[in-house]
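Please prepare a briefing on the structure shown below.

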Amino acid sequence: MGDVAATMKVMPQSPDVDLDALKDQLGESLPEGAEIRGSDTDDVAFGLVALLLSVVVPDDTGGTEAVEEAFAEVDDVESVSVQEVGRL
Amino acid sequence: MSDKPHQNLAIIGHVDHGKSTLVGRLLFETGSVPEHVIEQYREEAEEKGKGGFEFAYVMDNLAEERERGVTIDIAHQEFDTDKYYFTIVDCPGHRDFVKNMITGASQADNAVLVVAADDGVAPQTREHVFLARTLGINELIIGINKMDVVDYSENEYTDVVDEVKQLLKQVRFDTEDASFVPISAFEGDNIAETSDEMSWYSGPTLLEALNDLPEVEPPTDAPLRLPIQDVYTISGIGTVPVGRIETGTMHPGDMVSFQPSDVGGEVKTIEMHHEEVDRAGPGDNVGFNVRGVGKDDIRRGDVCGSADDAPKVAETFQAQVVVMQHPSVITEGYTPVFHAHTAQVACTVESLDQKLDPASGEVAEENPDFIKSGDAAVVTIRPQKPLSIEPSSEIPELGSFAIRDMGQTIAAGKVLSVDER
């Protein structure tokens with residue numbers, strides 16, 4: 001089945017959150033089999049900056065739900081959404 | 001390349017019917033294979049004393065390339081025709097990704113359905129066609145692939161075309177709008193150039209059919225619909241809802257309404273990429289503030305719309321669904337979680353109205369006792385908490401949903417009508 005890459009958008013709880021530290025925390029929270037392959041930031045509005053992460057998960061593990069749940073548990077995370085998914 | 005109008009193109013179809021080969025072939029024929037892949041091949045070919053650039057090599061290396069070179073844009077492969085610049089949205093096979101395709105940002109405008117001539121309509125063909133319809137794909141080009149395997153037989157082609165037309169009729173895709181092209185992605189027949197092997201076919205090649213697609217119009221003229229992703233309190237500004245505009249436009253001074261929270265006010269400032277803007281439209285990610293609306297007045301899952309054409313809130317709604325996977329059967333009273341735009345709400349299946357015959361598309365049974373995996377049905381749904389949702393015939397962007405239960409996406413559907421509160 002191969003792997004699937006998902007672009008996940010993580011919104012911090014406030015404009016004051018350190019995104020580098022947040023990215024490290026998100027990396028540590030990943031469920032087994034998932035991997036962060038790239039990251040970027042996206043200026044939103046009024047000082048808010050979103051973290052965009054390329055997360056690779058195997059196509060046969062049942063989607064991005066486990067990663068979304070793990071990310072949502074991390075302190076300083078306001079919300080997690082999947083922007084797009086594509087096969088590798 | 002970017003001067004041309006853009007289209008997101010989904011490649012859909014049953015596993016092993018040749019989706020990846022077709023993607024490789026499209027990139028190859030349009031000269032869109034990355035330069036360094038060609039360069040690398042040239043060097044290897046010179047070493048071994050071989051000449052020419054071979055398609056098989058492209059296929060091998062694109063796979064490897066994507067695995068290695070994964071970046072934030074991983075999902076995207078691009079090519080262009082005379083008229084358009086295409087981005088390929090390559091859909092994952094696993095059903096649980098369907099939720100992302102419904103709630104995510106990258107929706108395909110049009111699709112190529114790949115059906116193998118030697119296999120015909122297969123389970124995933126059926127599922128993908130229904131999803132394409134649910135996801136708001138406008139035009140379908142059907143590539144009847146692997147024509148080389150059936151010796152380029154016109155009879156085999158016609159049989160598969162008839163089979164696909166039956167399926168399209170079931171999900172109410174207008175078959176008049178669908179174009180069928182007999183192809184071999186592996187051999188390159190009818191992709192860029194008319195094949196010598198199929199003199200009986202006089203229609204366009206696949207690339208011509210893609211070039212003939214109508215231009216995609218962003219839903220600018222539709223009423224404003226902006227599902228709220230998050231709500232912040234920013235010092236010096238106040239309450240700032242954040243989300244992506246699905247339809248319509250928003251300007252400072254507009255009177256807006258948040259549903260189902262049922263509050264509203266005047267838009268003061270809109271920001272996009274940290275810049276203040278005086279207009280935002282479909283696809284724009286914005287943060288804004290509204291006079292008189294506090295942080296606790298609105299929440300994720302609300303939809304912001306214009307005050308004079310406010311988002312609908314459903315008491316109940318009727319929908320067409322396809323059951324993708326369910327361990328047993330679905331009966332009246334079943335209450336899974338519905339994912340629609342940014343909302344997640346438990347909803348009860350109030351009545352099973354009609355079961356549809358997958359072969360003919362006709363109503364197979366009125367008021368069935370149950371539906372199960374593989375069934376398509378018309379059902380009436382009652383949200384357990386207020387939910388803003390729209391008929392897909394009016395605002396398709398807000399008219400589809402995924403149904404999840406037990407950690408799986410069990411069904412997907414589109415709203416036929418809304419009985420407002």
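Glu315(B) is partly exposed, with a relative accessible area of 32%; buried means under 20% relative accessible area, exposed over 50%, and partly exposed in between, with a 1.4 Å probe and protein chains only. The side chain of Glu315(B) forms a salt bridge with that of Arg382(B), at 3.0 Å from N to O; the term denotes a side-chain nitrogen of Lys or Arg within 4 Å of a carboxyl oxygen of Asp or Glu. The model is predicted: local features need pLDDT of at least 70, side-chain atom pairs count only at pLDDT 80 or more, and totals for chains, interfaces and linings use all residues. Residues are numbered from 1 along each chain as its sequence is written, chains are lettered from A and ligands numbered from 1 in the order in which they are written, and side-chain values use heavy atoms, with hydrogens and water left out.

**Salt bridges**

- The whole structure contains 15 salt bridges over all chains.
- In the pair of Arg382(B) and Glu315(B), which meet in a salt bridge, Arg382(B) lies in strand 18 (residues 376–383) and Glu315(B) in strand 14 (residues 314–323) of chain B, so the pair ties together parts that are 67 residues apart in sequence. Helices (H or I, at least four residues) and strands (E, at least two) are DSSP runs, numbered from the N terminus.
- Arg382(B) is partly exposed, at 28% relative accessibility.
- A further salt bridge joins the side chains of Arg300(B) and Asp230(B), at 2.7 Å from N to O. Because Arg300(B) lies in the loop between strand 12 (285–290) and strand 13 (303–306) of chain B and Asp230(B) in strand 7 (residues 225–234) of chain B, this pair ties together parts that are 70 residues apart in sequence.
- Arg300(B) is partly exposed at 40% relative accessibility, whereas Asp230(B) is buried at 0%.
- Arg25(B) and Glu29(B) also meet through their side chains in a salt bridge, at 2.8 Å from N to O. Both residues lie in helix 1 (residues 19–29) of chain B, 4 residues apart, about one turn of the helix.
- Arg25(B) counts as buried at 6% relative accessibility, while Glu29(B) is partly exposed at 31%.
- A network of salt bridges links Arg225(B), Asp309(B), Lys312(B), Glu390(B) and Glu394(B).

**Cysteines**

- Over all chains, the structure holds 0 disulfides, a disulfide being a pair of cysteine sulfur atoms within 2.5 Å.
- Cys304(B) is buried at 0% relative accessibility, and Cys347(B) is likewise buried at 0%.

**Aromatic rings**

- There are 8 aromatic pairs over all chains. Rings of Phe, Tyr and Trp (its six-membered ring) pair if their centres lie within 6.5 Å; planes under 30 degrees apart count as stacked, over 60 as edge-to-face and the rest as tilted.
- The rings of Phe79(B) and Phe86(B) are stacked, because their centres lie 5.1 Å apart and their planes are at 15°. Phe79(B) and Phe86(B) are both buried.
- The rings of Phe258(B) and Phe288(B) have their centres 6.2 Å apart and their planes at 5°, so this pair is stacked as well. Phe258(B) lies in strand 9 (residues 255–259) and Phe288(B) in strand 12 of chain B, so the pair ties together parts that are 30 residues apart in sequence.
- Phe258(B) is buried at 0% relative accessibility, and Phe288(B) is buried with a relative accessible area of 0%.
- One aromatic cluster is formed by Phe79(B), Tyr84(B) and Phe86(B).

**Nonpolar cores**

- In soluble globular proteins, nonpolar side chains tend to be buried together.
- The largest nonpolar core has 85 residues, and those with the most contacts inside it are Phe71(A), Ile142(B), Ile144(B), Val164(B) and Leu210(B). Such a core is a set of buried Ala, Val, Leu, Ile, Met, Phe, Trp, Tyr and Cys residues joined through side-chain atoms within 4.5 Å.
- Helix 6 (residues 154–170) of chain B gives the most to this core, with 6 residues.
- Apart from this core lies another, of 26 residues, among them Val345(B), Cys347(B), Leu352(B) and Ile410(B).
- Leaving aside neighbours within four places in sequence, Leu210(B) is in contact with Leu9(B), Leu26(B), Phe79(B), Tyr84(B), Phe86(B), Val112(B) and Ile141(B); contact means heavy atoms within 4.5 Å.
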